[in-house]
Amino acid sequence: MTSILKVSEIQDPTNPNTALTIDTSGRMTAPNQTRFYGTKASDQTITRGNTTKITGFTNNEIDTSSAFDGTTFTAPVAGDYYLFGQVFINFTPAGNDGETATFFLYINGTEKVRDIFRNETTRDMDDITLGSSIIATLAVGDTVEVYSYTADNNGGNAQILGHVGSNFGGYLLG
């Protein structure tokens, strides 16, 4: 026996909130599916030779599950997540002589992915954008954060610039 279920909307059982919508082409949307995103609201100085947590991803913020404070995402639901981020590193305040720039995604305080660029020969890096992504299985309460490391030739401090070049986000796959 074959059954056919014809619905365009599924609601939560305790109130009329839409949990899932299916359009006539079969595309599904889940308006409360966990997802988050933000771009840096302002510049952040990175002390030379120190791995630093990047904060303030509060511009253009999306946070469907109240799980993102602009710095740390805390998984509200267990599952597989697509996580991504990037930082725009500016060595101008350090004398336009950048040597090393690194982007990290940390899960529960441990490095899980990195993107690194070294320019140790000419040491003349002015700015660079680095980033990466990962699919990770998270448990409820697991945390995800962005970190960066920089070094330059004269010992100055670089900056992570606050605009769309620096962002952090992710979403629940299932």
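Trainee: Is Lys53 buried, partly exposed or exposed?
Mentor: Lys53 is partly exposed, because its relative accessible area is 32%. Keep in mind that this is a predicted model.

Trainee: What does Lys53 form a salt bridge with?
Mentor: Its partner is Glu145, and the closest N and O atoms are 3.1 Å apart.

Trainee: How many salt bridges does a search of the whole structure find?
Mentor: The search finds 4. Among them is the one between Glu99 and Arg48, where the closest N and O atoms are 3.6 Å apart.

Trainee: Which parts does that pair tie together?
Mentor: Glu99 lies in strand 10, while Arg48 lies in the loop between strand 5 (44-46) and strand 6 (52-53), so the pair ties together parts that are 51 residues apart in sequence. Glu99 is buried, with a relative accessible area of 11%. Arg48 is partly exposed, with 32%.

Trainee: What are Arg48, Glu99 and Asp152 linked in, then?
Mentor: They are linked in a network of salt bridges.

Trainee: Switching to rings. How many aromatic pairs does the count come to?
Mentor: The count comes to 11 aromatic pairs. One of them is Phe36 with Phe68, whose ring centres are 4.9 Å apart and whose planes are at 45°, so the pair is tilted.

Trainee: Where do Phe36 and Phe68 lie?
Mentor: Phe36 is in strand 4 (residues 35-39), and Phe68 is in the loop between strand 7 (59-63) and strand 8 (73-74), so the pair ties together parts that are 32 residues apart in sequence. Phe36 is buried at 3% relative accessible area, and Phe68 is buried at 5%.

Trainee: Why is the pair of Phe68 and Phe168 edge-to-face?
Mentor: The planes of Phe68 and Phe168 are at 80°, so the pair is edge-to-face; the ring centres are 5.6 Å apart. The cut-off for that class is over 60 degrees. Phe168 lies in strand 15 (residues 167-172) and Phe68 in its loop between strand 7 and strand 8, so this pair ties together parts that are 100 residues apart in sequence. Phe168 counts as buried, at 0% relative accessibility.

Trainee: Which residues form the aromatic cluster?
Mentor: Phe36, Phe57, Phe68, Phe73, Tyr81 and Phe168 form one cluster.

Trainee: What sits over the ring of Phe57?
Mentor: The charged end of Lys40 does, 5.9 Å from the ring centre.

Trainee: New topic. What order does the open sheet of 3 strands have?
Mentor: The order is 1-2-3, with antiparallel pairing. Strand 1 and strand 3 (28-29) are the edge strands, each pairing on one side only. Strand 1 and strand 2 (residues 18-22) pair over 3 bridges, and Gln11 has Thr18 in strand 2 as its bridge partner.

Trainee: Which residues form the nonpolar patch on the surface?
Mentor: Leu5, Val7 and Ile10 form the patch, with about 290 Å² of accessible area together. Val7 is in the segment before strand 1 (9-11), and Val7 is partly exposed at 38% relative accessible area.

Trainee: And how far apart are Val87 and Ser166?
Mentor: They are 79 residues apart in sequence and 4.2 Å apart in space, C-alpha to C-alpha. Val87 is in strand 9 (residues 79-90) and is buried, with a relative accessible area of 0%.

Trainee: What about Thr92 and Thr34?
Mentor: Those two are 58 residues apart in sequence and 37 Å apart in space, again C-alpha to C-alpha. Thr92 is in the loop between strand 9 and strand 10 (98-107), and Thr92 is partly exposed at 41% relative accessible area.

How values were computed. Residues are numbered from 1 along each chain as its sequence is written. This is a predicted model: local features need pLDDT of at least 70, side-chain atom pairs count only at pLDDT 80 or more; totals for chains, interfaces and linings use all residues. Side-chain values use heavy atoms; hydrogens and water are left out. Patches are made of residues with over 30% relative accessible area and no salt bridge: like charges are joined within 9 Å, nonpolar side chains (Val, Leu, Ile, Met, Phe, Trp, Tyr) within 5 Å. Accessible areas come from the Shrake-Rupley method with a 1.4 Å probe; for residues, only the protein chains shown count as cover. A salt bridge is a side-chain nitrogen of Lys or Arg within 4 Å of a carboxyl oxygen of Asp or Glu. Helices (H or I, at least four residues) and strands (E, at least two) are DSSP runs, numbered from the N terminus. Buried means under 20% relative accessible area, exposed over 50%, partly exposed in between (1.4 Å probe, protein chains only). Rings of Phe, Tyr and Trp (its six-membered ring) pair if their centres lie within 6.5 Å; planes under 30 degrees apart count as stacked, over 60 as edge-to-face and the rest as tilted. A charge sits over a ring if NZ of Lys or CZ of Arg is within 6 Å of the ring centre and within 35 degrees of the ring normal. Two strands pair if DSSP finds at least two bridges between them.
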